[in-house]
Amino acid sequence: MLPEFFDSVLQLIVRTSTDLPPDVRAAMRTALGSEAPGTRASQALTIIAENIDLAVDTEGAICQDTGMPTFEVKVPVGANQIWMRQQIKEAVAEATRRGKLRPNSVDSITGKNSGDNLGPGTPIIHFDQWDRDVVEIKLILKGGGCENTNAQYSVPVELPHLGRADRTLEGVRKCILHAVWQAQGKGCAPGAVGVCIGGDRTSGYTHAKEQLFRSLDDVNTDSRLAELEASIMSTVNDLEIGTMGFGGKVTLIGCKISALNRLPASFFVSVAYDCWAFRRLGVELNASTGAIEKWLYRDPAHPIIPMLDQAGFARTGREVSLRAPLTEEQVRSLKVGDVVLVSGPMYTGRDAVHSYLMKHEPPVDMRGSVLYHCGPVVVKEEGKDGDKWRVTAAGPTTSIREEPYQGEIIKRYGVRAVIGKGGMGAKTLAALKEHGAVYLNAIGGAAQFYARSIKGVDDVSLLEFGTPEAMWHLRVEDFPAIVTMDAHGNSLHKDIEQESGQHLETIGVSA
Ligand code: SF4
């Protein structure tokens, strides 16, 4: 067997989770340079840039959602794939134990988290044989927020703001634009899309995701698709959805398109959306020892260029400091666009906690509380006074999933601020107005940045739901976020969706 195989895979996982590849860094640096200083998009990109630097400096997860580990493995003829699959699984479990991957594998029937990222269907490992005498492993960690924004179109189809998309490359262009518009900030824009034209429903999505293994700066070898990619990239940023959906000049950092043959009756366009935390790396291994001979997408001989050459998120003096528990008066004085710095106690709650709170009393008094949509990476450490929890990554999760519950929870338990990303819908907006609460948008994926605002873990409730889904009682200091839905019926998300819809109509006809 290959004695160094396990260590090489572990290195690949750790590096992928903690260090963005150079092509993605370059695209994000360009995005940062494109936004005017002081704008919401620029502030968000500065936090993202600081987060990227912190992650690599501390070898911490770039985003707390370390996604679905997906391995593409190419092996020489005769390689033992059964043994390699087992080794890859063990490396995934070890990376999870070390806090480099969040436990993300959940039993779909019982809701139980396996705790080690192993289970039916996780991780995803695809093998292929090739005629080279090396083992190639590529890995992508694509999180749930952006996975939920994937889209598949059965063409011809009528699309809002764009009209009919036909079975032509122009129809494909409309589908891609629609997918990006529909994602808004929910997939942590600016993102990149992998697209498959054709195939069947299953192979279409698989092939679309495979396009995300292409470098952002490559050029499609098919000139027709190269032209389509260029056309998308030259117009899509006119949507002005911007970073996190805050509005801004950069909405997409890459578009990679491929095609598969299809059945005569079907014409699918499948779009795989990846967020700015575009974690994808690869290695070539010696086929006898399993040692890393070469890194793909990065050259370890080149030093990592930091994203920021100055201090990161800088205060302007206009920030509003809030200390929980919050009063109705404090909350009603806030308006969309205000930057707030939250201090004091904060409770996490995701899907399982929201569902629980609809049927049971909360484990804590939530009057005046700040509820954080977050599934952190948390490690238990031994201390002289016993074991202690420490949060190592803690960015916001996509809030819209809690839309069916949020208004009722605000009303029943007196929550005054909800923090998440991507915004929420009409029911929540109405509840914010009626009961006096605000929605605060934190910067999606900025897990290292926000972990530093968390000064301690006071307790945890509902740990039986698993680490990401438990209710963590955090103590935070100067946690920055932007008011994007206020207690007066205003929603930045609603405004940007409408404005970008109008831009979509212009882009749709201008080609
Ligand atoms: S950056 Fe956003 S979409 Fe991407 S994995 Fe993190 S939370 Fe999910």
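Reply:

The model is a predicted one, in which local features need pLDDT of at least 70 and side-chain atom pairs count only at pLDDT 80 or more, whereas totals for chains, interfaces and linings use all residues. Residues are numbered from 1 along each chain as its sequence is written, and side-chain values use heavy atoms, with hydrogens and water left out.

Buried means under 20% relative accessible area, exposed means over 50%, and partly exposed lies in between (1.4 Å probe, protein chains only). Seven of the seven residues of β9 are buried, so the strand is largely enclosed by the rest of the structure. Strands (E, at least two residues) and helices (H or I, at least four) are DSSP runs, numbered from the N terminus.

What are the partners of this strand? Strand β9 (residues 268-274) is joined to β4 by four bridges, and the two run antiparallel; two strands pair if DSSP finds at least two bridges between them. Along this pairing, Q152 stands opposite S270, and S154 has F268 as its bridge partner. Strand β7 (residues 191-198) also pairs with β9 in the antiparallel sense, over six bridges. Here G194 stands opposite A272.

These pairings belong to an open sheet of four strands, in the order β4-β9-β7-β8, with mixed pairing. At its edges stand β4 (151-154) and β8 (252-260), each with a single partner strand, so one side of each has no neighbour in the sheet.

Helix α1 (residues 5-18) has 14 residues and reaches 20 Å from its first C-alpha to its last. Ten of the 14 are buried, so α1 is largely enclosed by the rest of the structure; among the buried residues are F5, L10, I13 and V14. Helix α3 (residues 40-58) has 19 residues and reaches 27 Å between its first and last C-alpha. In α3, 14 of the 19 residues are buried, so this helix too is largely enclosed. After α3 comes E59, whose phi is positive, near 50°.

The aromatic side chains link other parts of the model. A search of the whole structure finds six aromatic pairs. Rings of Phe, Tyr and Trp (its six-membered ring) pair if their centres lie within 6.5 Å; planes under 30 degrees apart count as stacked, over 60 as edge-to-face and the rest as tilted. The ring centres of Y356 and F465 are 6.0 Å apart and their planes stand at 70°, so this pair is edge-to-face. Y356 lies in helix α10 (residues 351-357) and F465 in the loop between β19 (454-461) and β20 (471-485), so the pair ties together parts that are 109 residues apart in sequence. Y356 is partly exposed, at 21% relative accessibility, and F465 is partly exposed at 23%.

W389 and W472 have ring centres 5.0 Å apart and planes at 75°, so this pair is edge-to-face as well. W389 lies in strand β16 (residues 386-393) and W472 in strand β20, so the pair ties together parts that are 83 residues apart in sequence. W389 is partly exposed, with a relative accessible area of 28%, whereas W472 is buried at 0%. Elsewhere, Y372, F449, Y450 and F479 form one aromatic cluster.

Finally, the cysteines may be considered. The structure holds zero disulfides, a disulfide being a pair of cysteine sulfur atoms within 2.5 Å. C255 is buried at 2% relative accessibility, and C188 is buried at 6%.

Technical notes: Expected span 1.5 Å × (residues − 1).
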